[in-house]
Amino acid sequence: EIAAFLNKHFVAIKVDREERPDVDKIYMDALLAMGQQGGWPLNVFTTPDGRPVAGGTYFPPMDAHGRRGFPSVLEILNQAWHQQREDVFRNAEAVTAHLQQQSGLTSPTGVVWDKRPVEAAVALYKRTYDRNEGGFTLQPQHKFPPSMGLMLLLRHHAETGDAEALGIVEHTLKAMLVGGIYDQLGGGLCRYSTDYGWVVPHFEKMLYDNALLVQALTEAYLVTGKPFFRAYAEDTIAYVRRDLGAPDGAFYSAEDADSEGEEGRFYVWTPREVASLLSEEDARAAMAYWGITPMGNFEHARTILTSTRPIAAVAVGLGVSEAALADSLQRAREVLFEARSKRTRPLRDDKILASWNGLMISALARAGRAFAEPDLIHAAEQAARFILTRLRDESGRLMRRWREGEARFKAYLVDHGQMANACLDLFETSYDPSWFDEALRLMREVNRLFRNDNGPYYDAGCDAEPLIARTMEGYDGVEPSGNSSAALAFLRLHALGVREGFEQDALRIVAGYASHLSQAGVSFSAMLNALSFHLAPPKEVAIVGDAKADETQAMLKVLRQRFLPDTVVAFAEPGTAADLGARIPLLASRQAVGNRATAYVCRNMTCQLPVHTPQELTALLDSR
């Protein structure tokens, strides 16, 4: 009945917000301008030319509890269209004018940057830190994985030695990983927790969440050296490659929360199900460790698996050794995972999105570098080649989405920025100069397509479909914004010696959000990471040496297995350094002094005396 009325009086258009973030951004801003609460599903009513009239998120099917149902909303709007059309157009024009004014954000000149915005964000994270459960009490009643914020805290710790910041990171990561928000059998992080204890998630799994988690875990491992963080990074990567991996190397977008008509049905267990699959010993261990009880912790007396009790405590309770319990749990995990794989799976969203793949490519490259795992580096390269070759139109322009053999929708700023950073991560991992070339090409395209000479960059290109406003985004929501990603890529290329005004471009972006960074920096954590990189200032390391020589590998190992967020690295063999210097300025005029592996540590292309040993390189990296 609702559909019939809707089709009779309206033109219904369904938009995939992941394919068209520009459309979503405009109408979400419109909803907020109308005084409504943002969220999804987003329903907006517009004039035929797209100007917003009214909107909301979820509408119930019938009037209830003082809230209008969707049929009532449709009837009111239909009457207004026929009886008060001038008022409709007047209101639509006012909202549209507001949106267009918002899209004219300009950057103040002469901004002098210091660490105060970063320190303010760190202070707010500390004030909102949940000391019992980890994470932050920034949203009412639920928690999203705060990976970008954790990475900001790790950078703050690395610079200042702030032990409290590191403690927050470790506690939060561990609380998520042992909670129900993390899939204890198959690996991978769900989208958010509906409670403050990380127990009951919204079971949807997103590529971007898992990519950012891997990045945060890899950095935590580099800072602390604790195998726990590496193990979960590898477990998450295994999930992504197994369940979101596309045949040609790229990655699909997400898995749904529902199966068999119920949210979470695929993931939950009862004691009877466990006992029917495992030996008595293994079932006893599994139920004790993962908290599987007759009462359950979810709907229908089912249990979402958690592992909040330390294995040592569980072993004592069961009267067995830790080693025996670990063996039992490993057997149980394999059997339960195999049995679960025969259930009806949640549907998979098989879109391949450029920006989300960029995040995963970066995660794989950084993990492969830190863990000395060539297979992860190869996987990152394979995915990057897919995006940079298949997601192109006839003119060579990068596209947003690939699905079933079709590349569609012109890529946005966020796609270019995140793929550029992914290419730079690959360059600093494999030292293949072609990845540097790709990053430089992408950021030159950013200046051609998205540039705003007076402020931050636009989300959509100058060749995009005309909409009622041309938006720009700096807010780091579930992923780094296009402007945050572009700022970091510009700064990294500048540190590698590219002198095309990229540093000024990055600082113009950051200046556009100066007031936001000072007042609400936790919502701009990725942009603050870019600002921290600039303020460090970054160290520029060039190494020239025989890649097969032990002394060369020893110096590269120093760079690969330390947490160096404010450092760029370039490497060349002695016979190629001169040619590569013409493409990568940091390598220009670098040579292997005395036919020995040689490291140059520079700032703003001014270098200290070259060194030849890991100890000397470490000393230069540690110097301020």
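Modeller: Let us begin with a pair of helices: α15 passes α16 in a left-handed crossing, a term used when the near helix is turned anticlockwise from the far one by less than a right angle. Helices here are DSSP runs of H or I with at least four residues, strands are runs of E with at least two, and both are numbered from the N terminus. This is a predicted model, in which local features need pLDDT of at least 70 and side-chain atom pairs count only at pLDDT 80 or more, while totals for chains, interfaces and linings use all residues. Residues are numbered from 1 along each chain as its sequence is written, and side-chain values use heavy atoms, with hydrogens and water left out.

Colleague: At what angle do α15 and α16 pack, and how far apart are their axes?

Modeller: Two packed helices are described by the angle between their axes and the distance between the axes. Helix α15 (residues 374-390) and helix α16 (residues 413-430) pack at about 145°, with axes 11 Å apart; axes are lines fitted to C-alpha atoms, for helices over the stretch in contact, and angles run from 0 to 180 degrees between N-to-C directions. The contact (heavy atoms within 4.5 Å) involves I377, A380, E381, A384, I387 and L388 of α15, together with M419, C423, L426, T429 and S430 of α16.

Colleague: Is R340 buried or exposed?

Modeller: Buried means under 20% relative accessible area, exposed over 50%, and partly exposed in between, with a 1.4 Å probe and protein chains only. R340, which is found in helix α13 (residues 322-340), is buried, with a relative accessible area of 3%. Leaving aside neighbours within four places in sequence, R340 is in contact with D183, L185, G186, F266, Y267 and W269.

Colleague: Which side chain does R340 join through a polar contact?

Modeller: A polar contact is a pair of N or O atoms within 3.5 Å; within protein, one must be able to donate a hydrogen and the other to accept it, and residues adjacent in sequence count only if both atoms are side-chain atoms. The side chains of R340 and D183 are joined by such a contact of 2.9 Å.

Colleague: And where does S193 lie?

Modeller: S193 lies in strand β3 (residues 190-193) and is buried, at a relative accessible area of 0%. A polar atom of the S193 side chain lies 2.7 Å from the backbone oxygen of D195.
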